[in-house]
Amino acid sequence: MDGDLEISLDKLPIKRLEALEENGLERFPADLGYDEKRVNLIRRIDFAWAVEREDPSKKQKSEGASAKEGTATSQQQWPWQSLVENLQLAHQELSVIIDLINTVEANDAVTVAGMTRPKQLPNEHLSDLAVSTATKLQCFRNLGKYFKQSAKSLEEQIAREARFYGALIRLQQNWKIKRHRLVAAASGNEGFYIDLFDNSLYDSAAIFRPSSLSTIPIEHDTAGMLAVNLPRKSCHSLQFEVLGLRSASNLGKAGETKTPVGVNDSSKEPGKEHASNDERVREIHLTLREVHRAIHDEQVFDLVNREACNPSIGVNLAGIKENYLRLSIGQGASVSISLVPSSQDDETYGASHRITTETSCVPSESVDGVKLGGVDKPKKLGIPSPLGFEIYLRQVFHEHVFVKAKNKAMSSSRSQISSQPPKDNSNILGHFCMSLAHRIFSNKVLSVLENLVYRTPNVHLVSHPTWHSRTSSWTLSVKIPQSILHAGSQIPMSTAGAVKNIRSPFWTRVVVIDDSIRVEGEGSPNVVGLFRGRPDSVSSINGYDCDLVDLPIILLQQVASQIIQWLHEEALTVGIKANRDFLSLAFELDQGEIVRLVAHVDPEDTQGCISWWLTVDDGVVEEHKLHPDMSDVESESRKFLGYLSLDVLYSTLLDFLNLCSC
Amino acid sequence: MDRQSQTTSLQRLQNVEKKIVRVLELAGSVMDEMANPSGPRKDLVNSHCTEFMQLVKDTQMTLRGEIKSACDYRPFEKCDYVPRITNEISCKKLEHVIAQLDEMKQTIEGYGDAA
């Protein structure tokens with residue numbers, strides 16, 4: 001050997017010594033397989049941080065398990081054990097890596113591209129079909145239930161609405177029904193209301209505002225039916241009182257209205273629906289009529305106020321307050337027109353109201369009627385009934401304002417106003433007041449006439465309708481009893497015209513226009529003819545005006561002269577020669593004596609107005625022949641015959657037949 | 001609408017409403033029939049459906065007729081409120097006259113009793 005030492009290093013993997021024992025034995029680690037070596041290399045990457053995050057428990061478990069396995073296998077001394085361990089470790093390592101890769105993919109929000117479903121087995125297919133069919137059936141069932149339920153509720157709603165709209169249509173036949181669309185949208189109501197204002201009349205002369213009562217809302221009541229609610233005592237009515245004269249008429253004081261029956265009767269059973277629906281509609285009609293009338297009354301009062309404040313003929317305004325107007329008409333009376341709340345269902349109000357009317361009438365002393373001493377048999381007529389005049393007031397205004405306006409508005413030419421137009425076209429209130437004054441006056445005239453006629457035999461009083469509110473007319477006629485007619489007359493009685501000819505001269509007509517009296521009568525002697533000594537020309541119709549004080553005596557003179565006229569005619573027919581004077585009939589007797597039948601009129605006489613005297617004179621002119629009514633004393637030459645009826649007079653006349661020579 | 005046909009046209013419209021209710025009932029019963037677990041009975045369904053169609057056709061015709069016959073809407077041309085007041089006044093007059101006649105009758109009876 002040479003003296004050089006060479007050392008060569010082996011490039012092959014060197015087995016590293018794992019352990020060196022005491023006896024010098026070298027222990028080398030076991031040979032690793034190729035995969036193992038790779039795995040070891042991978043293992044060297046530190047995934048601890050990620051793995052711990054993902055599967056910390058798994059790692060602990062596996063570590064624990066591997067530790068256990070490690071301890072277990074070290075005792076087994078199986079030569080493949082280490083390989084198995086390594087493989088397990090590798091498997092675990094790979095699963096960790098796969099999880100890690102999955103997590104990385106998930107963090108990148110990579111979705112699964114597709115999934116292929118496995119083909120359905122037939123039973124799965126059928127069960128799916130069954131489920132869908134069952135759900136469809138369920139839907140059908142629900143739908144069926146829904147339809148039936150809506151049918152039922154629709155039926156109920158129809159029934160309810162049928163009642164409501166049925167009532168509404170019946171109302172619509174008579175009243176104007178309108179609808180507020182906006183109100184309908186806002187509230188639950190349908191927004192119907194009744195309009196009581198007639199706006200077809202007032203286009204240019206819009207003097208009337210619709211009152212607060214004109215629109216009445218239609219509501220549903222508790223049962224869903226139609227109801228109309230009015231506030232209490234909202235309706236007013238005209239009240240008319242005449243003060244200052246005793247009212248003889250007790251026909252219904254003004255302001256009494258018929259109470260509408262059972263407005264608040266809610267005790268009706270719901271079973272009788274049809275009947276109660278009718279009744280309900282009827283009640284509503286009554287209510288609406290009431291309101292309509294109240295509106296008209298308010299309008300009339302308004303017009304009255306307006307006219308009263310304008311000075312015009314016949315209207316004398318005596319006092320004015322709110323809703324109250326007082327006018328003085330002639331004849332010592334005054335009238336108050338007021339607007340009071342109408343008592344709908346308040347009986348006590350009506351009663352107390354009546355009392356106040358009477359107390360206002362009682363302290364009236366100025367009874368201007370003719371006082372005819374003590375005769376109380378014929379009725380003393382005070383004023384006519386206030387109710388009549390209340391109605392007349394309404395009518396007069398209605399006709400001349402509303403009807404005229406309506407006819408003008410309709411521009412039809414067939415406007416007929418049934419009653420007369422007032423004398424002054426715009427002075428309706430004046431006409432009314434004058435009518436009232438006339439009526440009071442004519443009642444006085446009538447009482448005078450009645451008193452006269454009552455105390456005079458064979459005189460009849462007939463009233464004639466004049467169809468004018470300011471004119472009245474009566475006729476006093478002397479009716480000749482049938483006995484005389486049949487006995488004395490030679491003219492056949494069969495013809496009515498002939499009868500009339502006999503009877504017609506005996507009428508006296510009294511006509512009162514406003515407050516002037518006119519008397520017309522036939523048979524009173526022509527004064528001029530009298531002076532000329534030709535008393536025959538007496539059958540002319542005379543007419544003259546007089547006043548109330550002179551009326552009785554004028555009428556009585558007229559009647560008495562008619563009787564004398566008749567007697568004269570009868571005497572001539574019978575054949576007695578007689579002369580007539582104004583109120584006497586003179587017969588000439590055989591001896592030249594002149595016997596007179598004299599009529600004496602005295603309206604104050606309680607037993608009779610016309611009394612008869614018989615005077616005998618011997619041809620000597622006596623003063624009192626010209627004044628036959630002055631002497632009351634019976635003397636030899638005058639004899640009081642009494643209050644004779646026509647038969648007695650006629651028989652007296654016939655007695656003269658025997659006495660007279662011709 | 002004139003007064004003679006008002007009630008009958010109202011009745012027609014009410015009948016239309018009843019038909020609609022009936023139509024809904026039919027639909028409900030058809031649905032119930034379809035939901036029958038043993039399958040719908042064909043004749044029943046057919047009859048219901050024919051009735052349904054018939055009712056709908058009737059409704060349509062009635063409504064068409066009613067709409068055509070409804071007159072033009074001229075609101076409240078013939079308002080009768082003024083004659084109504086005239087009538088009210090006449091009613092009051094009659095009541096007054098009747099009361100006066102009753103009084104006269106009582107007077108006559110009074111005379112009759114006295115005599």
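## Cysteines

A residue counts as buried when its relative accessible area is under 20%. In this predicted model, A:Cys433 has a relative accessible area of 3% and is therefore buried. B:Cys91, at 37% relative accessibility, is partly exposed. Across all chains, the search of the whole structure finds zero disulfides.

## An antiparallel sheet in chain A

Chain A contains an open sheet of four strands, ordered β7-β10-β9-β8, with antiparallel pairing.

A:Ile329 has A:Ala333, in β10(A), as its bridge partner. Helix α10 (residues 428-455) of chain A lies across β7, β9 and β10 of chain A, at about 55 degrees to β9(A).

## Nonpolar cores

The largest nonpolar core comprises 50 residues, of which A:Val445, A:Ile517 and A:Ile610 touch the most other members. Helix α14 (residues 551-574) of chain A supplies the largest share of this core, 11 residues. When neighbours within four places in sequence are left aside, the contacts of A:Val445 are A:Trp474, A:Val510, A:Val512, A:Ile517, A:Leu548 and A:Leu551. Another core, of 31 residues, lies apart from the largest one; among its members are A:Leu238, A:Leu339, A:Leu393 and A:Val396.

## Salt bridges

Over all chains, 15 salt bridges are found. One of them joins the side chains of A:Arg293 and A:Asp297 at 2.7 Å, N to O. These two residues are separated by about one helical turn because they stand four residues apart in helix α7 (residues 273-309) of chain A. Both A:Arg293 and A:Asp297 are buried.

A second salt bridge pairs A:Arg470 with A:Asp514, with 3.0 Å between the closest N and O atoms. This pair links distant parts of the chain, 44 residues apart: A:Arg470 is in the loop between β11 (459-464) and β12 (471-478), and A:Asp514 in the loop between β13 (507-513) and β14 (516-522), all of chain A. A:Arg470 is buried at 2% relative accessible area, whereas A:Asp514 is partly exposed at 21%.

In chain B, the side chains of B:Glu33 and B:Arg41 form a salt bridge (2.9 Å, N to O). B:Glu33 is buried, at 7% relative accessibility, while B:Arg41 is partly exposed, at 48%. Salt bridges with shared partners also connect A:Glu290, A:Arg293, A:Asp297, A:Glu390 and A:Arg394 in one network.

Note on methods. Residues are numbered from 1 along each chain as its sequence is written. Chains are lettered from A and ligands numbered from 1 in the order in which they are written. This is a predicted model: local features need pLDDT of at least 70, side-chain atom pairs count only at pLDDT 80 or more; totals for chains, interfaces and linings use all residues. Side-chain values use heavy atoms; hydrogens and water are left out. A disulfide is a pair of cysteine sulfur atoms within 2.5 Å. Buried means under 20% relative accessible area, exposed over 50%, partly exposed in between (1.4 Å probe, protein chains only). Two strands pair if DSSP finds at least two bridges between them. Contact means heavy atoms within 4.5 Å. Axes are lines fitted to C-alpha atoms, for helices over the stretch in contact, and angles run from 0 to 180 degrees between N-to-C directions. A nonpolar core is a set of buried Ala, Val, Leu, Ile, Met, Phe, Trp, Tyr and Cys residues joined through side-chain atoms within 4.5 Å. A salt bridge is a side-chain nitrogen of Lys or Arg within 4 Å of a carboxyl oxygen of Asp or Glu.
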